[in-house]
Amino acid sequence: MFINSSINNLIDLLKYAVVNYSNRNAFCCHGTNMSYKDFYNNANYLACYLKYELKIKKGDRVAIMMPNLLQYPVAIFGILLAGGVIVNLNPMDKAPALKRELEKSGAK
């Protein structure tokens, strides 16, 4: 069992993986690989965009609606790095259900 007292949350785990496995594949999808280093860099770019361009603040709910592609974990961790709370939406839902979920969630 892996135990590391400096890992308290998913962001800590991601940073640990980047430091220790930066050039290893973090994700593979449709024949494309993404290393931990590239994954973190892309997620960090998104986090900066969310924070500084879209003015997302800690605790803001951010909706995400996308299929399981390489961009999905980048978006998830980008939101987390920006301090946001993830609101997953089903890409298969129809407009009324999406509207209801967005209203109930308080997503930006």
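Where is the place of leucine 14? The place of leucine 14 is in helix 1. This is a predicted model, in which local features need pLDDT of at least 70, side-chain atom pairs count only at pLDDT 80 or more, and totals for chains, interfaces and linings use all residues. Residues are numbered from 1 along each chain as its sequence is written, and side-chain values use heavy atoms, with hydrogens and water left out.

**Overall layout**

- The protein has four helices and four strands; helices (H or I, at least four residues) and strands (E, at least two) are DSSP runs, numbered from the N terminus.
- Along the sequence these elements follow the pattern α-β-β-α-β-α-β-α.
- The C-alpha trace spans about 45 × 35 × 30 Å along its principal axes.
- Of the 108 residues in the protein, 31% are buried; buried means under 20% relative accessible area, exposed over 50%, and partly exposed in between, with a 1.4 Å probe and protein chains only.
- Taking contacts between residues at least 6 apart in sequence, 58% join residues at least 24 apart; contact means heavy atoms within 4.5 Å.

- Not counting residues up to four places away in sequence, leucine 14 touches Phe39, Tyr40 and Phe77.
- Leucine 14 and phenylalanine 77 are 63 residues apart in sequence, and their C-alpha atoms are 8.6 Å apart in space.

**Strands 1 and 2**

- Strand 1 and strand 2 run antiparallel and are joined by four bridges; two strands pair if DSSP finds at least two bridges between them.
- Cysteine 29 stands opposite threonine 32 in strand 2.
- The two strands form a hairpin with two residues between them.
- Histidine 30 lies in the loop between strand 1 and strand 2, and its phi is positive, near 50°, although the residue is not a glycine.
- Histidine 30 has a relative accessible area of 74%, so it counts as exposed.
- Serine 35 lies in strand 2 and counts as buried because its relative accessibility is 10%.
- Leaving aside neighbours within four places in sequence, serine 35 is in contact with Ser22, Asn23, Arg24, Asn25 and Ala26.

**Between helix 2 and strand 3**

- Lysine 55 is placed in the loop between helix 2 and strand 3.
- Lysine 55 has a positive phi of about 60° although it is not a glycine.
- With a relative accessible area of 52%, lysine 55 is exposed.

**Strands 3 and 4**

- Strand 3 (residues 61-64) has a covered face, made of Val62 and Ile64, and an uncovered face, made of Arg61 and Ala63.
- Strand 3 pairs with strand 4 (residues 85-88) in the parallel sense, over four bridges.
- Alanine 63 stands opposite valine 87 in strand 4.
- From strand 3 the chain crosses through helix 3 (residues 71-81) to strand 4, and this β-α-β crossover is right-handed; that term applies if, with the strands pointing away from the viewer, the path from the first strand over the helix to the second runs clockwise.

- The buried residues are Pro73, Val74, Ala75, Ile76, Phe77, Gly78, Ile79 and Leu81.
- Their cover includes helix 1 (10-21), strand 1 (25-29), strand 2 (32-35), helix 2, strand 3 and strand 4.
- Glycine 83 follows helix 3 and has a positive phi, near 90°.

**Packing of helices 2 and 3**

- Helix 2 (residues 36-53) packs against helix 3 at an angle of about 50°, with the axes 7 Å apart; axes are lines fitted to C-alpha atoms, for helices over the stretch in contact, and angles run from 0 to 180 degrees between N-to-C directions.
- Helix 2 is therefore oblique to helix 3; angles under 35 degrees count as roughly parallel, over 145 as roughly antiparallel, 65 to 115 as roughly perpendicular and the rest as oblique.
- The crossing of the two helices is right-handed; a crossing is left-handed if the near helix is turned anticlockwise from the far one by less than a right angle, and right-handed if clockwise.
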